[in-house]
Amino acid sequence: MTAIAVDSLTKEYDTVTALDRVSLDVEEGEIFGFLGPNGAGKSTLINLLLDFARPTAGSARIFGKDCQTDGVQAREHLGVVPEGYSVFDRLTGRKHVEYATRSKDADADAVELLDRVGLRDVAERTASEYSKGMKQRLVLAMALAGDPDLLLLDEPTTGLDPNGAAEMRRVLRQENERGATIFFSSHILEQVEAVCDRVGILQNGQLVAVDTIEGLRESIGGGTKLVIAPDDLTTGAVQSVRAITGVDDAQVLEGPTLEVTCANDTKMDVLLELDNAGVEVVNLRTEEASLEDMFVAYTQGGT
Amino acid sequence: MSWQVITRWDAAETVRPRSVKLLLALPALVILGGAYLYPVFGSEPYTTARFAGFVSGLLSTVAALVGILLGYNSVVGKRESGAIRLSLSLPHSRRDVVWGTLASRAGLLCGTMAAALGVGLVLVVYPFGSLSVLRSLAFAALTVALGAVWVNLGLAASLLVATKRRAFVLAFGLFVVLEFAWSGLLLAVERGLSETGLVGDDPAATAAAQAAEPGAVFQRLVDGFVDPSASVGSAWYLDEWLALAVFIAWLIVPLGFAYYRFQGSDIA
């Protein structure tokens, strides 16, 4: 069954189109990373999934339940870390989690859940005294209540230190192993790269790419970068390397160093071409194109 | 029944601060103080039915103030801070949030007043007074409903706007206009209209409009149904059954409208 099915979802505010005909399917059991710069429309999409906002056109379903017309059923099997929330001013951490378990009709133990996110010792403290990172972990504990089938997290590592972020990723992997589908948004690439099966990239309200990380690498010039240290470099040699089919780009850096982005099977052609041009290769290493390169390629190439 | 979860948690959070406890003590004090003083300042015979007429004036203003203050912040405060997003991320509908909050806030005010009335009526009956059961129950029901009317009005303001400040201005403005400025406002409108020459003086229409304000309606209900020594006027618009209908309209219409608007609005 499809965990999240988004169909031509559009949200227009007075002057801006925050989300422009986005269609997206997230399959049960996968970890889906939703990537994009700030203001791209990530939160808008999640707000529509949660029925915080009403779409201008299109529809969204969670496990087959329409998010607008059957919102309550759609959220029954959901754990959420929303964006822009605040905790209840005068309730303890434990009361927060109990609120979530009661609301979901689950018989989970609040203290156990707090223990899982490392907040057992502060369970009886008023949540408004928590630090930002502690609040984020508290809301994660609320989300975990009742073993949800889908975890929906909007920038979940906001306010967490690196340890906290790693801990969060560990919990997400555990949940995924249990069988939960995970959908989270982020503008931080390493986090998405570290855990996601598939990635969607959102730019100016439009979904510009949905693929596995491997697939994204391949679609951008095969994902290999050759970093070559030649003894000497002529402009002619660089131009002839650029002319090879399968080469996307060749950049001369200081050193001199030649960086060639190319399809995997073109590497040899590049070296032969350099040899033909009389350039001796002193040193050579290959790099996989990082998600960052892809991200920049997608989000800047589009504008 | 998920609104009940919201009710429990909202009530637990609401009664924490001392200011709210003091606020809730206010109508209780009016009732208990009234019950204590009624045999001193009232006249024979001392009955729980006539006690209603003794205390209803002040009680209606105090219940209005407390109801407004309990209601106006209830939803919009959580909407502005973002705490409502935690509730609405859970399997709660917006209707659950509205009902749950209403039950919590109205429950706090109405429960306090009902409890105070229970004690107050004992004070009235003992040692010199007499109890009229049906009329006392009717007064208790009216008092509880009056509290609910004003919590509803406050809650309606809370649902209609997106910031606490606007909700406060709307709700408190409503309280001041209805409780203190209603007659003057209507007279000014009447004079203004007759100055234009479009409509002639119509004192009956003005009086009818004056009689529609919740405090006046409550007073007429007490006079008509509870206090045997009081009576309502003879004009058609002063009829106690009409007052009951208007009272129910105050209970339902503003909140219904606000709820309808809230349902369709973006909260994030």
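A residue counts as buried under 20% relative accessible area, as exposed over 50%, and as partly exposed in between. Keep that scale at hand as we walk through this predicted model. With a relative accessible area of 48%, A:Glu214 is therefore partly exposed. You will find A:Glu214 in helix H8 of chain A, which covers residues 213–219.

Staying in chain A, let us turn to helix H6, residues 162–178, where A:Asn176 is found. A:Asn176 has a relative accessible area of 19%, so this residue is buried, since the cut-off is under 20%. The side chain of A:Asn176 reaches the backbone oxygen of A:Gly29 at 2.9 Å. Leaving aside residues up to four places away in sequence, A:Asn176 touches A:Gly29, A:Glu30, A:Ile31 and A:Ile182.

Next comes helix H1 of chain A, residues 42–49. Eight of its eight residues are buried, so the helix is largely enclosed by the rest of the structure. After H1(A) you meet A:Asp51, which has a positive phi, near 65°.

Now for the place where the two chains meet. Chain B brings 28 residues to the contact and chain A brings 32. About 2800 Å² is buried between them, and carbon and sulfur atoms give 58% of that area. On the polar side, 18 residue pairs are in polar contact between the chains, both partners being at pLDDT 80 or more. Two salt bridges cross the interface, including one in which the side chains of B:Asp266 and A:Lys11 meet at 2.6 Å, N to O. Helix H1 (3–14), helix H4 (76–81) and helix H5 (83–89) of chain B each supply at least two residues of the side that touches chain A.

B:Tyr36, B:Leu37, B:Val40, B:Phe41, B:Phe54, B:Val119 and B:Leu123 make a nonpolar surface patch of about 720 Å². Helix H2 (18–41) and helix H6 (94–125) of chain B are the elements that give two or more residues to the patch, and H2(B) has the largest share, four residues. B:Leu123 lies in helix H6 of chain B. Its relative accessible area is 35%, so B:Leu123 is partly exposed.

Note on methods
Residues numbered from 1 in each chain as written. Chains lettered and ligands numbered in written order. Predicted model: local features only at pLDDT ≥ 70, side-chain atom pairs only at ≥ 80, totals over all residues. Heavy atoms only, no water. Patch = residues over 30% accessible without salt bridge, like charges linked within 9 Å, V, L, I, M, F, W, Y side chains within 5 Å. Areas by Shrake-Rupley, 256 points an atom, 1.4 Å probe, with all protein chains shown as cover. Salt bridge = Lys/Arg side-chain N within 4 Å of Asp/Glu carboxyl O. Buried < 20%, exposed > 50% of the residue type's maximum accessible area, 1.4 Å probe, protein only. Polar contact = N/O pair within 3.5 Å; in protein donor to acceptor, adjacent residues only side chain to side chain. Contact = heavy atoms within 4.5 Å. Buried area = accessible area lost by both parts, 1.4 Å probe.
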